[in-house]
Amino acid sequence: MEELSAGVIERGLQTRIVGRRVVYYPSVGSTNEVGKEAVRRGAEEGTVIVTEEQTTGKGRLKRAWLTPKGNIALSVLLYPPSERLYHLIMLSSLAVAHTIDKMTGLKSEIKWPNDVLIGSKKVCGILIENDIGNGFVHAVIGIGINVKLDPAASSDFLAAATSLNREAGREISRVDLVRTLLVELDRLYDTLISSPHELYEMWSHRLGTLGKKVRVTSGDEVTEGVAESVGEDGSLRLRLG
Ligand code: BTN
């Protein structure tokens, strides 16, 4: 299997902010937890924490996120203006979708708010943790990509998830995958700052959710309806029923 390291990811990377510093762990609990600790220690914006195995990875809605060896889990530290925090879900899911386009030629779609699917199966999950402490806005953007599936995974998991290797029918280079993703995140971060409406337009066009019947969970509340539109703040409007 291809060797991952901070050095091979950083070499000649043409980015402005994302990936200024890359920290690699062969295995770690959760890159988001390491990222939050790095923020507390004053890490610079654009720092990336990357691993190929998480032992206590976290998903949305307090779920666990499995990252068995050979996959990619990374967290990026961004310090945007507070009025742009909503746009981070757009930035991150679009960057992953563009990266999949470039790496595999396959068409992926975004499931609101920021899952990325290929052929209606989940290939990437994103967990963004924001904080505005003492007026200092910071976000830890955690991205987990299934590069190869664990053959021991449960049939329930395999019914809902897929991997890049499986969909592409070949082994995807994780070094190229991470480097392409960092370039896309960096490019779209520029758009987020200079032209957030453009980012919103690109994201909403890539959403596969609109027009479909969906079930949205918020805390203990579950709402069902048809997804009609999304707002500039990332919110989903449902026709109930
Ligand atoms: C979800 O779909 O529920 C979100 C999954 C987010 C997983 C990523 S992997 C990198 C980062 N570190 C974590 O512990 N979680 C996020």
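What follows describes a predicted model, beginning with the arrangement of its domains.

**Domains and their interface**

The domain assignment divides the chain into domain 1, covering residues 6–208, and domain 2, covering residues 210–241. Taken over C-alpha atoms, the centres of domain 1 and domain 2 are separated by 23 Å. Contact between them involves 13 residues of domain 1 and eleven residues of domain 2. The size of an interface is often given as the accessible area lost when the parts come together. For domain 1 and domain 2 this buried area is about 1000 Å², with carbon and sulfur atoms giving 58% of that value. On the side of domain 1, Trp 112, Tyr 200 and Gly 208 supply 46% of the area buried against domain 2, which is more than any other three residues supply.

The rule finds one salt bridge across the interface of domain 1 and domain 2, and it finds four residue pairs in polar contact there, with both residues of each pair at pLDDT 80 or more. Helix H3 (88–104) and helix H7 (196–206) each supply at least two residues of the side of domain 1 that touches domain 2; helix H7 gives the most to this side, with four residues. By class, the side of domain 1 that touches domain 2 consists of eight nonpolar, four polar and one charged residues.

**Salt bridges**

By the rule applied here, the count of salt bridges comes to 16. One of them joins the side chains of Lys 58 and Glu 33, at 2.6 Å from N to O. This pair links distant parts of the chain, since Lys 58 lies in the loop between E2 and E3 while Glu 33 belongs to helix H2 (residues 31–40), and the two are 25 residues apart. A salt bridge is also found between the side chains of Glu 109 and Lys 212, at 3.5 Å from N to O.

**Surroundings of the ligand**

The ligand is surrounded by 20 residues, of which the closest are Ser 30, Gln 54, Lys 58, Arg 60 and Lys 122.

| Residue | Ligand atom | Distance |
|---|---|---|
| Ser 30 | oxygen | 2.7 Å |
| Thr 31 | nitrogen | 3.2 Å |
| Gln 54 | nitrogen | 2.9 Å |

Most residues other than glycine have a negative phi, and most peptide bonds are trans. Two places in this model may be read against that background. Leu 61, a residue other than glycine, has a positive phi near 55°, and Leu 61 lies in the loop between strand E2 (48–51) and strand E3 (72–78). The peptide bond joining Trp 112 and Pro 113 is cis, with omega about 0°, and Pro 113 is placed in the loop between strand E4 (109–111) and strand E5 (115–118). Trp 112 is also one of the three residues named above for their share of the area that domain 1 buries against domain 2.

Which residues does Ile 128 touch, not counting those up to four places away in sequence? Ile 128, which lies in strand E6 (residues 121–133), touches Leu 88, Ile 89, Ser 92, Asn 114, Ala 139, Val 140 and Ile 141. Ile 128 and Gly 142 are 14 residues apart in sequence, and their C-alpha atoms are 5.8 Å apart in space.

Methods:
Residues numbered from 1 in each chain as written. Predicted model: local features only at pLDDT ≥ 70, side-chain atom pairs only at ≥ 80, totals over all residues. Heavy atoms only, no water. Domains from an automatic or database assignment. Contact = heavy atoms within 4.5 Å. Buried area = accessible area lost by both parts, 1.4 Å probe. Salt bridge = Lys/Arg side-chain N within 4 Å of Asp/Glu carboxyl O. Polar contact = N/O pair within 3.5 Å; in protein donor to acceptor, adjacent residues only side chain to side chain. Nonpolar A, V, L, I, M, F, W, Y, C, P; charged D, E, K, R; others polar. Near = heavy atom within 4 Å.
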